[in-house]
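Student: Please take a close look at the aromatic rings here. How do they pair, and what sits over them?

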Amino acid sequence: MPHELKYHFARMCLLFGSFFFSMLYIPVQAQELQAQVSVIHDRIKGVDDATFQRFQADVTSFLNQRKWTNDSYLPYERIQCNFVFNFTQYSGDNIFVVQLTVQSSRPVYHTDYQSPVFNYLDQNVSFRYIINQPLEFNENRISGNDALQANLTAVLAYYVYIILGLDADSFSPRGGVPYFQKAQYIVNNAPEDSRYISGWKPFEGNRNRYWLVDNLLNTRLQAFHSVMYQYYRLGLDRMYDDPNNARMSILNSLSSLYSMNQDNPNTMILQLFMLAKADELANLFSDAPLNYKQRALQILTQLDPEHTSLYTQKLQ
């Protein structure tokens, strides 16, 4: 079975159960995402509200109606995610600057709980948006005819592949690699405009789009992919049936993260993982047996000192 198909099969079985899957699955060309798009534009003057309303509709359509993979998704399989555009500048000539928050989550077996997977604030995204012009993305010509117009869809496509990759990692060992490679291809062929566009180059900061996908494909950090699978499939997905063994799997995944951090300190993916997971981890171990609590507290405060007070409050 091809690598991507294994991930998709695992995801479908978890979401609907193998029995119902065998009875009801009909291949359809449904899209992969269930994206909610929010727009904040109170800082922008001189631009009609209709422009932002249309922008929200266009981006929602681009994310949710485009086919991003070769797999067929049913409606209940679609990945829940949020894209929040906080418009900070308008430079004229239809050029905007936004802070973009991207979040995604993943369902947990036998529950209606959505576990946070990705939560990232991209501080500086510039693009040209012209109302009533379609959003276009061509993987063979990412820069398009206008770099600033193309930058919007390049950024969106990049984060779609990050979301798909992390989701796939959580269902299948190294299942996300093909999607991370697509994100890296976008980085390598991203639109260029030295005046406005940033975030695609390694010298433009140590926490940007370049470094995120670099971390995800770096062989020195490949343990992260095993962590994702162990945390979700062997951990969270088994909490309902066997909570103690599930917690042990989660502790083992955290130990692997700790070892990775010892060899490669302060990586971007570790920080993003802990940012997304701090509250969840504190709650997971708050009613665990004492020995689990103690081990969790020790590892978490070393991995994530920023949230020490949270872990101490919940686990002591």
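**Aromatic contacts**

Tutor: This is a predicted model; local features need pLDDT of at least 70, side-chain atom pairs count only at pLDDT 80 or more, and totals for chains, interfaces and linings use all residues. Residues are numbered from 1 along each chain as its sequence is written, and side-chain values use heavy atoms, with hydrogens and water left out.

Start with the pairing rule. Rings of Phe, Tyr and Trp (its six-membered ring) pair if their centres lie within 6.5 Å; planes under 30 degrees apart are stacked, over 60 edge-to-face, the rest tilted. The count is 22 aromatic pairs. Take Phe 55 and Tyr 129: 5.1 Å centre to centre, 90 degrees between the planes, edge-to-face. This pair links distant parts of the chain, 74 residues apart. Phe 55 is in helix H3 (residues 49-65). Tyr 129 is in the loop between strand E4 (114-128) and helix H4 (147-171). Helices (H or I, at least four residues) and strands (E, at least two) are DSSP runs, numbered from the N terminus.

Both Phe 55 and Tyr 129 are buried. Buried means under 20% relative accessible area, exposed over 50%, partly exposed in between (1.4 Å probe, protein chains only).

Now Tyr 210 and Trp 211. Their ring centres are 4.9 Å apart and their planes at 85 degrees, so this pair is edge-to-face. Tyr 210 is partly exposed at 23% relative accessible area; Trp 211 is partly exposed at 27%.

Back to Phe 55 and Tyr 129: they belong to one aromatic cluster, whose members include Phe 52, Phe 85 and Tyr 90.

Last, charges over rings: NZ of Lys or CZ of Arg within 6 Å of the ring centre and within 35 degrees of the ring normal. Arg 106 has its charged end over the ring of Phe 171, 3.9 Å from the centre.
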